[in-house]
Amino acid sequence: QRFPVVVVGAGPAGLTIGNILRAASVDCLVLETETREFIEQRPRAGVIEEWAVRGLQQRGLADTLSERAQLHTDCEFRFGGQRFRFSYGELTGTHHFVYPQPLLVTDLVREYADVRGGEIRFGVHDVQLHDLDTERPSVSYVDAETEQRVVVACDFVAGCDGARGVTRAALPGHAHIARHDYGIGWLALLAEAPPSNDCVVFGIHPNGFAGHMARSPEVTRYYLECPPGDDPENWSHERVWSQLRQRLAATDAGPLVEGRLIEKRVLDMHSHVVEPMVFGRLFLAGDAAHLTAPIAAKGMNLALHDAFLLGDALAAYLTKGEETGLDGYSEACLRRVWDYQEFSQWLSEVYHGTSSGDAYRAGTTFARLRRLFTSPTAAAAFAEQYLGTAPAY
Ligand code: FAD
């Protein structure tokens, strides 16, 4: 078998690249270890930045999203028992789109496989990459049905298999990987309950951070700061709701609407960045190249940014022989990646400084928070980074 491009991983990055290639009539093969049903239901992200939605729309990939996504224009910080509303929409004219990741993945798979006729294999295992530093690389995998190893020759491999995939492991030993461990855990929860506020809420509390994010009229995502590596079983239904009530308490705040917890898992907050994101004929995209702790809800947005650049660059090279997009790919991605990493680190201190047990960090955290609500310049800078609208990426 031979395909110009093999895409490893059918997440937002891999499927977007596949769709861009199919729109340019470039054949590609997407390989995915999970089943289609599984990836269409895996809950994760929900916040998509406006530039990313425009990028999907330009590529004909946002018809359902544009109809169904909620628009968010405000967020609310709660600290010291008070509520502070931050209206970034009013300040910038830009907003966030809330659209659950499984719905986006469902749309992208359908468009790629059912509309644009792209090839995809689900349930593959033992994916291996070969001869990446030659002009004739290949990818092999064990097919789900036949249990036979299949070898696919190609020109390029797009490594889009997320933070735990195999493509990053194919990098040579001297590849540079920068890592950061926040030393913090978040209990990530999905509650079968409508949102309890009309916007996202960030609770800054001595017990730890708490977050409230609408996902749909029926489901709400909550986060609770916890020790890294904590066992979700330590968090009973009663303990979860009691901590959420305490950490999100504020004068005039309505009660939390409780519901069954349908997801409960601990995420350790760490990040890493691979530089450069290219080795020979392997181009990494999304979480495979850079994991961003979900502190600032940036990971899927970065995955889409990489995918737009890589999909366009591969299409330009394979249809017109243009090399500039591929040559500049890694550098262009990494500018946004590092900008978002820095913002996540800044925001982490805002969320976790007061619960660190360090009075000095608590003091500087409150100073940061007060500045957001007293200095228009600080507010504008925050809005720009929160929305990902900085112009010079
Ligand atoms: P993935 O979505 O991880 O896709 C990789 C795919 O590759 C998967 O389908 C996987 O099954 C497959 N795969 C793995 N190994 C192999 C292999 N060996 N061979 C073939 N296929 C393989 N980001 C935001 O922007 N906003 C948010 O609000 C947000 N919230 C989040 C909340 C949580 C709880 C979590 C965990 C993450 C959140 N993120 C958020 C991050 C976001 O989900 C990821 O950044 C995003 O999924 C990255 O997309 P991707 O395509 O790079 O990788």
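The model is predicted, so local features need pLDDT of at least 70, side-chain atom pairs count only at pLDDT 80 or more, and totals for chains, interfaces and linings use all residues. Residue numbers start from 1 along each chain as its sequence is written.

**Whole chain**

Helices (H or I, at least four residues) and strands (E, at least two) are DSSP runs, numbered from the N terminus. Along its principal axes, the C-alpha trace spans about 65 × 45 × 45 Å.

**Domains**

Next, colour domain 1 (2–68 + 99–178 + 270–344) and domain 2 (182–269 + 356–387) separately; these bounds come from an automatic or database domain assignment. Their centres, taken over C-alpha atoms, are separated by 30 Å. Ten residues from domain 1 and twelve residues from domain 2 take part in the contact, where two residues count as touching if their C-beta atoms, placed from the backbone, lie within 7 Å. On the side of domain 1 that touches domain 2 there are six nonpolar, two polar and two charged residues. In this classification, Ala, Val, Leu, Ile, Met, Phe, Trp, Tyr, Cys and Pro are nonpolar, Asp, Glu, Lys and Arg are charged, and the others, Gly among them, are polar.

**Eight-stranded sheet**

Select the open sheet of eight strands, whose order is S6-S5-S13-S14-S15-S12-S16-S19, with mixed pairing. Two strands pair if DSSP finds at least two bridges between them. The edges are S6 (82–86) and S19 (290–291), each pairing on one side only. Within the sheet, S14 (residues 210–214) and S15 (residues 220–226) run antiparallel and are joined by five bridges; histidine 212 has tyrosine 222 in S15 as its bridge partner. Axes are lines fitted to C-alpha atoms, for helices over the stretch in contact, and angles run from 0 to 180 degrees between N-to-C directions.

**Three-stranded sheet**

Move to the open sheet ordered S3-S7-S4, with antiparallel pairing. Its edge strands are S3 (47–49) and S4 (70–72), and the twist averages 35° from one strand to the next. Three bridges link S4 to S7 (residues 96–98), and leucine 71 is partnered by phenylalanine 97 in S7. Helix H3 (residues 50–58) lies across S3 and S7, at about 75° to S3.

**Ligand shell**

Then display the 35 residues around the ligand, of which Gly9, Gly11, Gly162, Gly286 and Gly299 come nearest. A residue is near a molecule if its C-beta atom, placed from the backbone, lies within 6 Å of it. Helices H1 (12–23) and H8 (299–320) are the elements giving two or more residues to this shell, and H8 provides the largest share, four residues. The shell comprises 18 nonpolar, eleven polar and six charged residues.

**Backbone details**

Most residues other than glycine have a negative phi, and most peptide bonds are trans. Select glutamate 275 and proline 276: the peptide bond between them is cis, with omega near -10°. Proline 276 sits in the loop between S16 and S17 (278–279). Finish at aspartate 131, which has a positive phi of about 50° although it is not a glycine; this residue is in the loop between S9 (125–130) and S10 (138–142).
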